[in-house]
Amino acid sequence: MSMSSAPRSGSLAPYLFVLPATVLFVAYVVYPILYVICSSAYRWDGINQATFTGLANYIRLFTHDPAFVLAIRNAVLWAPLTILPQMLLGFAIAYMLETGVPRQAIYQAIFYLPAIISPVVVGIVWQRIYNPFGGLLSDIGFASGLRFLTVPFLSDTKVAIYAVIAVNVWQWTGFSMLLYVAGLKGLPTETLEAAKIEGATLRQTIVYVVWPMLRHVHLTLILLGVIGTLQTFPLIYMLTNGGPNHATESLPNYIFLQAFKLQSMGYASAISVVLMVIALALSLFQVRVLGARFALAE
Amino acid sequence: MTLTPSPRTIKTAVLTVLAAVWLVPVLMMLAVALMPPGQRAAGFGGLAIKGVSLSSFVTAFDRAPILMHFVNSLIITITSVVLVVVISSLAAYAFARMRFRGGEGLFYGLLATLMLPIPALIVPIFQLNKTFGLLDTYWGLILPYTALGVPFAVIIYRSFFSAIPQELEEAAKIDGCSTFGIWLRIVMPLSWPATSVVVIFQFMTSFNEFILALVTMDSNSLKPLTLVPLIYAGPFMAQPGPMFATLTLITIPVVAVYLLMQRFMIGGLTAGAVKG
């Protein structure tokens, strides 16, 4: 019955240690999940008596809601178009930094800076950059003759989503860089020296040695990028509020719109359930199939 | 002998150009904030200012009680950071060192929470706060921030605790130290790299959190710093100077905390990242 190395401290101790975490977990995670599932079957404004409507919310969502379709399309665009550039740029910067440049800490701080600035601030600043009337890009466009810079980035339904994605890449590349710097620091120096002695070129060293050895960092960044895709709210809310005409709509923004602007708590709950199911399915896929893990853990 | 520049020079040049581009939005924010009053909109989004003046900051301080909002943010953030550190490290210690019924299930349950998008929970958390009378109170934000920060912190602490050799704890045990005493006096002091990672992450996420704050806080006097641009967007509509001065003032505290903690950050990350 003895438990090998575990301190014997009475059988209650572990339960007391996990009690506060468990209480919070049940109150703010387990209960809310059950709650949204339940309220997604009602038509409900959040104040008056709710009416049970069964699957009506889901039927409307999947068959009669173009804004929902746009929100899904945008998530499908958002994931690869943010994750890949952030990884490649982040890796390139980290590799250049780690293989020796003067004043490494300063560069590192500059690239990481956007990641710590509040997305609300980022949204307002970039609105001014994209502003077609005297904004930074349009002024550069007029001064240099590069007319494509003068388009109204945030109010053109075809361009807006890419403009928002670009801001996300600007904000989060430094975070990728930071994880790659940590990953590169953890690589065994012997392997890199062996590659050098064998006469591997820079390209060969990166493609065949360094990049494959950082697999756990890539997987972490993909995992975090997918989660990020599904929860981005303030950036879109501040830059476009999902507009023009839902062209930059995201699931979080749409939940907020339905729940707190249109007072459709039941409908918002149905969107929330869809969002949770997508998030869990994608995460399970990555963990099971790709073997993704958080590099920070284990 | 050759005239080709060294790889080091090329790298420095590439990085400098990239870093300059990366800095433009931040520089523009500062430029607009420092624009002298009465100056007609400067070109290039405000980057090309003529002269520098602090008057926008004075206006911002005058009209927007930035300090009050900053204190609100600090109360909410620091309380949740302290709670997350204590609650997560206690739980992680049980997960790392004790075996108990339901332990594994609970740990994987917490792990799955990491994948949960917070916006999917705003409707129920809003209703929960309403039921318990926590709408428009600090606790209405502190409790969910803590609950949602615990899973990440538990993972960091658990992997760190597992790497600590157990001899010290066993010796303390023989000397009659309680499990709680071991956690408090031996394990926690040894775990500062893990604590610094947890503190930075929890500080940044709580300080910058937006969607829950937006639906929970109603009174301007309780609102944290992240909501400030929304409160003053109306009054400052025609005055980009004070608006951008406000944005700058919001950004300074996070940058200060980051610069103070930067060296712990990479250290903590590499300490926590054992081969994948």
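Predicted model: local features only at pLDDT ≥ 70, side-chain atom pairs only at ≥ 80, totals over all residues.
**Exercise 1.** Decide how helix α7 (residues 160-185) of chain A and helix α10 (residues 215-231) of chain A are oriented to each other.

*Solution.* Step 1: two packed helices are described by the angle between their axes and the distance between the axes. Step 2: α7(A) and α10(A) pack at an angle of about 160°, and their axes are 10 Å apart. Step 3: angles over 145 degrees count as roughly antiparallel, so α7(A) and α10(A) are roughly antiparallel. Step 4: the crossing of α7(A) and α10(A) is right-handed. Step 5: from α7(A), the residues A:Ser176, A:Leu179, A:Tyr180 and A:Gly183 meet A:Val217, A:Thr220 and A:Leu221 from α10(A). Step 6: the residues of this contact are four nonpolar, three polar and no charged.

**Exercise 2.** Locate B:Leu110 and determine whether B:Leu110 is buried or exposed.

*Solution.* Step 1: B:Leu110 lies in helix α4 (residues 103-113) of chain B. Step 2: a residue is buried if 20 or more other C-beta atoms lie within 10 Å of its own. Step 3: B:Leu110 has 25 C-beta neighbours inside 10 Å and therefore counts as buried. Step 4: leaving out residues up to four places away in sequence, B:Leu110 touches A:Phe25, B:Val150, B:Pro151 and B:Val154.

Methods:
Residues numbered from 1 in each chain as written. Chains lettered and ligands numbered in written order. Axes fitted to C-alpha atoms, helices over the stretch in contact; angles between N-to-C directions. Helix = DSSP H or I, 4+ residues; strand = E, 2+ residues; numbered from the N terminus. Parallel < 35°, antiparallel > 145°, perpendicular 65-115°, else oblique. Left-handed = near helix turned anticlockwise from the far one by under 90°. Contact = placed C-beta atoms within 7 Å. Nonpolar A, V, L, I, M, F, W, Y, C, P; charged D, E, K, R; others polar. Buried ≥ 20, exposed ≤ 12 C-beta atoms within 10 Å, placed from the backbone.
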